[in-house]
Amino acid sequence: MANLGSPDAPVTPAVRRYLHQFLMDPYVIQLPWPLRKAIVSLFVLPTRPKASAEAYQSVWMEQGSPLIVLSEKLKAALKAKVDVPVEMAMRYGKPSIEEKILTLTADKEITELLYIPLYPHFADSTVTTSVEEAKRVIKKHRLDIQLRTVEPFYDNPDYIEALVKSAEPYLEQDYDHIVFSYHGLPESHITKLDATGEHCLKQQNCCQLNKPEVHKTCYRHQVMRTTQCFALQAGLAENRYSVAFQSRLGRAKWLGPNTEDRLEELAQAGAKKVLVICPAFVTDCLETLEEIAIRGEEVFKQAGGHSLSLIPCMNDHPAWVDVLADWCQP
Ligand SMILES: C=CC1=C(C)c2cc3[nH]c(cc4nc(cc5[nH]c(cc1n2)c(C)c5CCC(=O)O)C(CCC(=O)O)=C4C)c(C)c3C=C
Ligand SMILES: [Fe+2]
C-alpha cells in the first residue's frame with residue numbers, strides 16, 4: 001500500500017524538507033521545472049514550513065505523524081488477515097516506496113506485486129505519481145516482478161459499504177447537515193486530462209453526464225460519485241448534505257466551493273450541528289485533524305454554529321480491512 005507521507009518531525013526544518021520533496025514533484029505543481037522551483041523557493045519555503053510545523057504540532061501523536069501511525073495500524077490489521085507479505089510505503093518522506101519494494105522483493109519467490117495507492121479518486125498528484133514511482137524503482141533495480149495496481153475505487157460497492165459502516169456511529173447522532181469535504185485540486189489538473197477538450201468543467205453538470213472515457217481520470221466526477229453512492233447507501237436526504245473542497249494552495253483556480261466558505265454559509269443559514277466526512281483520505285492526517293476538526297470548527301462556530309464533528313477516516317476499521325483483504329486474493 002502507498003500513502004502520501006508526512007514530515008519526520010513537526011519542526012520547521014523537517015517540514016521544509018518534506019514540502020520541498022512534495023511540491024517539486026511535477027505531478028503536484030504542474031509547471032515547468034524553472035517556474036516550479038521559483039514558486040517553491042520564493043513563495044512556499046520561506047514561510048509555509050513554520051506555519052505547517054505548528055499545525056502538525058497540534059495533532060502530532062506520541063508515536064509520530066497521524067498519517068504514518070494510522071497507516072501502520074492499517075498495515076498491521078491487514079497483515080493479520082492475509083497470508084502474503086504486506087508493506088506500507090510513503091510517496092514522500094519515509095518509509096519510501098523504494099525501500100518497501102526492495103524489502104518485499106528481497107524474497108525471490110515473489111513474482112507479483114499488488115500495489116494499492118491509498119486514494120479512492122484519481123489524480124495525477126496522488127495516484128499517477130505513486131504508480132510512476134513504483135515503476136521507476138522496478139526499472140532501476142531490474143526487478144523481475146509483475147506490478148498489478150488497484151484502480152481508483154471511488155464507487156466500488158464494497159468500499160462504499162465500508163465507508164458508510166465506519167461513519168454509522170456519527171450518522172446515528174442528531175445533526176443538521178453533513179459536508180463531504182474532499183481535498184481540492186487546481187481545475188487545470190482536471191481539464192488537461194480531458195482528451196475531448198470540451199467536456200470537463202465546460203458546463204455545470206459535466207460530472208453527471210455519461211462519459212466514462214473522460215470520467216476515468218476526472219477527480220471531480222469521482223468525488224461526486226462517491227458522495228452519491230454514500231448518500232444512497234446511507235439513505236441521506238438530498239437537502240442534508242453537500243460537497244466542498246479543502247486544502248487550497250497558491251493562486252491557481254481550484255475546485256470549489258471551498259469547505260470553510262461552505263461551513264460559514266451553513267452556520268449563517270441556521271445549521272447548529274454539522275458533521276464533516278473527508279472521503280479523499282483513507283487515514284486521518286493533518287488535513288482532517290487540523291484543517292477540519294480544529295480550524296473548520298473555529299470557522300463554523302465563529303459564524304454562529306454550535307458544533308462540528310469530524311467523522312474519522314476509515315483508518316483500520318474492520319470493514320475496510322476486510323475489503324483490502326479481499327483485494328489481496330490472487
Ligand atoms: C499543489 C499542491 C497540492 C496538491 C495538488 C495536492 C493534492 C492532494 N493532496 C492529497 C492528500 C494530502 N495532502 C496533504 C497535505 C498537503 N497537501 C499539499 C499540497 C497539495 N496537495 C500540501 C502543501 C500539504 C502539506 C501540509 C501543508 O503544508 O498544508 C496530506 C496530509 C499529509 C500529512 O502529513 O498528514 C494529504 C493526505 C490528495 C488526496 C490530493 C489530490 C486529490
Ligand atoms: Fe495535499
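Helices here are DSSP runs of H or I with at least four residues, strands are runs of E with at least two, and both are numbered from the N terminus.

A word on ground rules. This is a predicted model, in which local features need pLDDT of at least 70, side-chain atom pairs count only at pLDDT 80 or more, and totals for chains, interfaces and linings use all residues. Residues are numbered from 1 along each chain as its sequence is written, while chains are lettered from A and ligands numbered from 1 in the order in which they are written.

Now back to α11 itself, which covers residues 259–268. Thr259, Glu260, Arg262, Leu263, Leu266 and Ala267 are buried there (20 or more other C-beta atoms within 10 Å of a residue's own; 12 or fewer makes it exposed, anything in between partly exposed, with C-beta atoms placed from the backbone). Look down the helix axis and these buried residues fall within an arc of 160°, so they line one face of α11; the arc is taken over the directions from the axis to the C-beta atoms. What does that buried set pack against? The partners are β5 (177–183), β6 (241–246), β7 (273–277) and α13 (291–302), where contact means C-beta atoms, placed from the backbone, within 7 Å.

Those strands bring us to the sheet. It's an open one of 4 strands, ordered β6-β5-β7-β8, with parallel pairing; two strands pair if DSSP finds at least two bridges between them. β6 and β8 (307–311) sit at the edges, each pairing on one side only. Between β5 and β6 there are 6 bridges, and Val179 has Ser242 in β6 as its bridge partner.

Strand β5 also carries His183, which takes us to an annotation. An unreviewed UniProt entry puts the feature "binding site" at His183 and Glu287; positions follow the numbering used here, feature names are shortened, and annotations may be inferred rather than shown by experiment.

His183 is buried, with 26 other C-beta atoms within 10 Å. Glu287, in helix α12 (residues 286–289), is partly exposed, with 19. Leaving out residues up to four places away in sequence, His183 touches Gln246, Ser247, Ala280 and Glu287. On the same terms, Glu287 contacts His183, Gln246, Ser247 and Phe281.

How values were computed:
Contact = placed C-beta atoms within 7 Å.
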